[in-house]
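Open the model in your viewer and keep the selection tool at hand. We will go stop by stop.

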Amino acid sequence: MIEKYYPKISVVIPSYNQGCFLEETIKSILNQKYPKIELIIIDGKSEDNTINVIRDYSDSIDYFISEKDSGQANALNKGFAVATGDICSYLNSDEIYLDNRLWKISNQY
């Protein structure tokens, strides 16, 4: 029997003081139930509850850093530099993926 190949999908989340939205964003990725997700969060040294949200989901986060940066583009560059996925994407920290989105991306790959 041939095992189906699932490409690894890296999702980079740039964030700064978005703790009130971040949990919903993370859940929208994890609820995809896609078997090979690499979750990367690049935080710009938030001063809200972002770190608490990160702690709550630390088992599901592959890479996290919180340090001053020069904006969203800089955070994305940091995230993509460590991403190891076959497919790389990003999702802002106040957005969500709709159901089955990662499966649809994988099927197109």
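This tour of a predicted model visits strands, then rings, then charged pairs, then cysteines.

**Stop 1: the strands**

Select residues 37-43. This is strand S2, and 6 of its 7 residues are buried.

Click Ile-41 and look across to S3: Phe-64 stands opposite. Then select residues 50-56, helix H2.

**Stop 2: the aromatic rings**

How many aromatic pairs does the whole structure hold? A search finds 3. We visit two that involve Tyr-6.

Select Tyr-6 and Tyr-34 and show their side chains. The ring centres are 6.2 Å apart. The planes meet at 90°, so this pair is edge-to-face. Where do the two residues sit? Tyr-6 is in the segment before S1, and Tyr-34 is in the loop between H1 and S2. The pair therefore ties together parts that are 28 residues apart in sequence.

Is Tyr-34 buried or exposed? Its relative accessibility is 6%, so Tyr-34 counts as buried. Tyr-6 has 26%, and counts as partly exposed. The cut-off for buried is under 20%.

Trp-103 lies in helix H4, residues 101-108. Because Tyr-6 lies before S1, the pair ties together parts 97 residues apart in sequence. Trp-103 is partly exposed, at 25% relative accessibility.

Now show Tyr-6, Tyr-34 and Trp-103 together. Ring pairs link these three residues into a cluster.

**Stop 3: the salt bridges**

The whole structure has 2 salt bridges. Go back to H1 and select Glu-23 and Lys-27. Their closest N and O atoms are 3.9 Å apart. Both residues lie in H1, 4 residues apart, which is about one turn of the helix. Glu-23 is partly exposed, with a relative accessible area of 32%. Lys-27 is partly exposed too, at 39%.

Then select Lys-78 and Glu-67. Their side chains meet in a salt bridge, 2.8 Å from N to O. Which parts of the chain does this pair link? Lys-78 is in helix H3, residues 72-82, and Glu-67 is in the loop between S3 and H3. The two are 11 residues apart. Lys-78 is partly exposed at 21%, and so is Glu-67 at 33%.

**Stop 4: the cysteines**

A disulfide is a covalent bond between the sulfur atoms of two cysteines. How many disulfides are there here? The count comes to 0.

Select Cys-20 to finish. Its relative accessible area is 63%, so Cys-20 is exposed. Then click Cys-88. At 42% relative accessibility, Cys-88 counts as partly exposed.

Conventions
Residues numbered from 1 in each chain as written. Predicted model: local features only at pLDDT ≥ 70, side-chain atom pairs only at ≥ 80, totals over all residues. Heavy atoms only, no water. Buried < 20%, exposed > 50% of the residue type's maximum accessible area, 1.4 Å probe, protein only. Pairing = 2+ DSSP bridges. Right-handed = clockwise from strand over helix to strand, strands pointing away. Phe/Tyr/Trp six-rings, centres within 6.5 Å; stacked < 30°, edge-to-face > 60°. Disulfide = S-S within 2.5 Å. Salt bridge = Lys/Arg side-chain N within 4 Å of Asp/Glu carboxyl O.
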